[in-house]
Amino acid sequence: MVKIKDAALAYKILNGLICVYKPACVSVRQVQHKILTNLCRDLNNLPDRPQEKRVEIVGATNAPMKVKLLPNFADDPLVCGPRYIQKDFRCSWATHLGLFSSGILLLGINDGTKLTYLLNTARLTRAFKVHGQLGKATDTYFWNGRTMERSTYGHVSREKIDRIVANMQAAHQKTMYELSGLHIDSQTTYEMASQGLIRPANSKLPVVYGIKCIHFAPPNFTLEVQSVNEYDKYLWTLIHDLGVQLKSTAHCTGVQCIRHGKFDIPLALLRKHWTLDHILNNMDECRQLLEDNENLLKPKSAALSV
Amino acid sequence: MFSLKMDLCHLVRLTIAYNANITMRRNLSSVVLANSLAEVKHDQNNTVLESVSEDLSEVTPYFPESFNIAAYVNKSETLQNLVKLNVNLSKIEKKPHIVNKLLKMDFEKDMKENIFFIKDFVDSENIGNYITKNPLILCESIENFQVRINYLQSKSFSNLQIHNIIARNPFWLMFSTERIDKRLGYFQNKFSLNGNEVRLLATKQPKIITYSIHHINTNSFVVKEEMGFNDEEVKTLLLNKPKIWMTSKPYQKSLLERFNYLHNVIKIPHSSILHYPNVLLCRNFKVKQRHMFLETLGRAQYDANKENYIPLKALIENTDSEFCKNYAKCNVDDFNLFLKTL
C-alpha cells in the first residue's frame, strides 16, 4: 500500500472506480456520502500547499513607498474553511442496489464517473444470494411487511425445491429469447442462440439466467440467482412465487450481491476500510481488472460473455 | 470552489459608520465633495484624474459586499487577532447575525476584557475552540458573568467544579441566573436528586443542564417507559452516563433500537446494561456484527456465572483485530470474511 504524504497529489490520483461492500439497511446515497466525508477528512488531515503570501505597498503616496510581503490571512484554513469539501468530488454508482440489499456496489470518483456510465450501459450480469424463509408470506414479500399468510412447510424437501427451481430456470431462459427483441423463427436468432445466452433488448427487462438452491435448512433456504437488469422487489417476488409453487408460503429475509461482472467479493471494501489509503489501493486493483478485461466496458455483441 | 451563500451576501456589509476597528480612512467621495457640484463642473483643477501631490495613502474605497469573512480579514486587526487565537472564523461566518455583531466590535475596547476573563477558566489552547462554539460570549458584559459565577459559589459548588463547568460548556455563562436555577431545580425534582448529586451531574456533564428541556423529556420517557427501567435504575443511569439523555431527535429511534437489540435479541438483562451503560451509546451495527460472529462461533455467552464469559464491553471497545484475538480467538481475516456474508 502506498503511503500518501501530500494531499494535492492524492486528490490528483483519486480518479477511478472503487468496489465497496454495501451494508444492508443503508441507502446507496448514504454510502456515497460517507465515503466522500471520509475522503475529505483524510485529505484535510494530510499536509497541503503552504499558505499564500500577500504583497502590500505601504507608505505615503508622495514619498518612496515600501513593498512588503505579508502572510495572507484570507488563505488560512481557519478563515476560508477546510481545503477539501464534499463539493469537490463527483461520485456516481454503476448500478443501483436496493435499501435492504447488501453486497457489491461499484462507485466512480471524479473521472471514474465516466467509467460507471459505461458499466451501466454494458449491462453486466450480477449474481445474488437470496435468503428466504418458509412458513410466512408478507404483503411486501420481505421480512418487514405485514404477515398475510401462514402455512406449514414440513412437506417441503430438498428435491422438491430443486425441481421447482430448475423449472423456473428453464422458463426464464425461454423468455430470454423472447425478450431479446428478435423474431423467434429467424436465422439471426438461431445464430445468436447457438452462441449461448443473450442479453435482453432494453435495460428495463429483468432476465434470470440461472437459479440454484445452495442451502436448505428448513425453514430457511438460500438461492443463488444469476441475472441482468433485476431490482430487489423482483428477487423478493421470486421467493414468494417459489413458496406458492411449493404449496406453502415463503418470504425473503435477505438479498446479497456477490458478483458484478468480474468484480468479486474479495475485492470489495468493508465499511471499516473506507479510508483514503484503502480506497486508493482498491482503485488500483479495479483499474487492473478493467484493463485485463476489455469487454467489461465495451461489450461486442448481445451474447453474454461475462 | 466557493458556494455563494445568498443569505450572507446581502447581510455581511460593512457600512462606513461602523468602521471603528478596521483602519478605514476617508473615502474617495469626500475628496470630491469638498467642492460643490457646480464648482466641480467648472473647476478643472480638481478632477480626480489629475495627478495630486498630497499624501493619498489615507484614502480607500468602500468595502464591497462579501459572502465570507476572508475578504475583510487582511484589513481588520480584530479579525486577525481572533485568527491568532485559533478561532475558526469559517464556522462562525455560517451564522450571519453573529458575524454582523462581531464585525462592529473593536478588539481593544470590547473583546479584550472578555477574553481575559475567560482565560481564567479555559487554557490558551482551548480558547479558540471555546470562542468558535460560542462567539457571542465576547458580547456579554463581565458583570453578568460575575453574577452567574457568584450564584454557583452560593450553591456550594467548589472552585474546581466551577472551572470544569465553564470550561466544558461554552454556553453556560450565557444563561441568566434564574434560568440556570430553574434548570437545576427541574433536574432535582424530576430525578429526585439531592444537592450533592445535582452538583455531581452538573460537573460530570455540564452540557445537559443547558440542553433543550423538550429533548430531555422525550429521552426520559424513552428510558423509563419504553426501556422499562425503574426510578432507581434511571437515577443510576443518569449519574453514570448522562450522555444518554443528550440524544437529539433523529437519533432517539436508534437509541431505542440499540436497547431493543441488546435486551430482546441478545437477551441481556437490565442489570448488565446498568453495569456498563456505554453499550447504549455505541452504534448498532458494530454490536450486531460482533454478536453475530460470536454466535456463529458458538461463543456468544454473556452470563457472568457460567464459563467462557464474554463481557459486554468486548462488543464495543477496541479494534476488530483485538476483539478477534482476545474473545473470538481467531484471525481478523475470518471476521472480515464473515462480515462479507452479512
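## A buried threonine and its surroundings

In this predicted model, T113(A) counts as buried because its relative accessibility is 19%, where buried means under 20% relative accessible area, exposed means over 50% and partly exposed means in between, with a 1.4 Å probe and protein chains only. T113(A) belongs to helix α4 of chain A, which covers residues 112-122; helices (H or I, at least four residues) and strands (E, at least two) are DSSP runs numbered from the N terminus. A polar atom of the T113(A) side chain lies 2.7 Å from the backbone oxygen of N110(A). When residues up to four places away in sequence are not counted, T113(A) touches R90(A), C91(A), S92(A) and G108(A), a contact being heavy atoms within 4.5 Å.

This is a predicted model in which local features need pLDDT of at least 70 and side-chain atom pairs count only at pLDDT 80 or more, while totals for chains, interfaces and linings use all residues. Residues are numbered from 1 along each chain as its sequence is written, chains are lettered from A and ligands numbered from 1 in the order in which they are written, and side-chain values use heavy atoms, with hydrogens and water left out.

## Salt bridges in chain A

The rule used here calls a pair a salt bridge when a side-chain nitrogen of Lys or Arg is within 4 Å of a carboxyl oxygen of Asp or Glu, and over all chains the count comes to 16. One of them joins the side chains of D111(A) and R90(A), at 3.7 Å from N to O. D111(A) lies in the loop between β5 (101-109) and α4 of chain A, and R90(A) in the loop between α3 (77-80) and β4 (91-93), so the pair ties together parts that are 21 residues apart in sequence. D111(A) counts as partly exposed because its relative accessibility is 37%, and R90(A) counts as partly exposed at 45%. The side chain of D111(A) also meets that of K114(A) in a salt bridge of 3.7 Å, N to O, and K114(A), at 55% relative accessibility, counts as exposed.

Elsewhere in chain A, D75(A) forms a salt bridge with R83(A), with the closest N and O atoms 3.8 Å apart, and both of these residues are buried. D75(A) and R83(A) are also linked with D48(A) and R49(A) in a network of salt bridges.

## A buried valine and a nonpolar patch

Is V20(A) buried or exposed? V20(A) is buried, with a relative accessible area of 0%, and is found in strand β1 of chain A, residues 16-22. Leaving out residues up to four places away in sequence, V20(A) touches several residues, among them V31(A), I35(A), L105(A), A268(A) and W274(A). V20(A) and E285(A) are 265 residues apart in sequence, yet their C-alpha atoms are 12 Å apart in space.

V55(A), by contrast, counts as exposed because its relative accessibility is 57%, and this residue lies in strand β2 of chain A. Together with I57(A), M65(A), V67(A) and L69(A), V55(A) makes a nonpolar surface patch of about 510 Å². Patches are made of residues with over 30% relative accessible area and no salt bridge, with nonpolar side chains (Val, Leu, Ile, Met, Phe, Trp, Tyr) joined within 5 Å and like charges within 9 Å. Strands β2 (53-58) and β3 (66-71) of chain A each supply at least two residues of this patch.

Chain B has 20 helices and zero strands, and 44% of its 342 residues count as buried. In helix α13 of chain B (residues 195-204), the buried residues include V198(B), L201(B) and A202(B), and the buried residues of this helix pack against α11 (159-168), α12 (177-190) and α15 (231-240) of chain B.

The contact between the chains takes 30 residues from chain B and 29 residues from chain A. The area buried between them is about 2,300 Å², of which carbon and sulfur atoms give 55%; buried area is the accessible area (1.4 Å probe) that two parts lose on being put together, summed over both. On the side of chain B that touches chain A, the elements that give two or more residues are α4 (70-73), α5 (77-84), α6 (89-92) and α20 (332-339) of chain B. Across this interface the rule finds zero salt bridges.

Conventions: Accessible areas come from the Shrake-Rupley method with a 1.4 Å probe; for residues, only the protein chains shown count as cover. A polar contact is a pair of N or O atoms within 3.5 Å; within protein, one must be able to donate a hydrogen and the other to accept it, and residues adjacent in sequence count only if both atoms are side-chain atoms.
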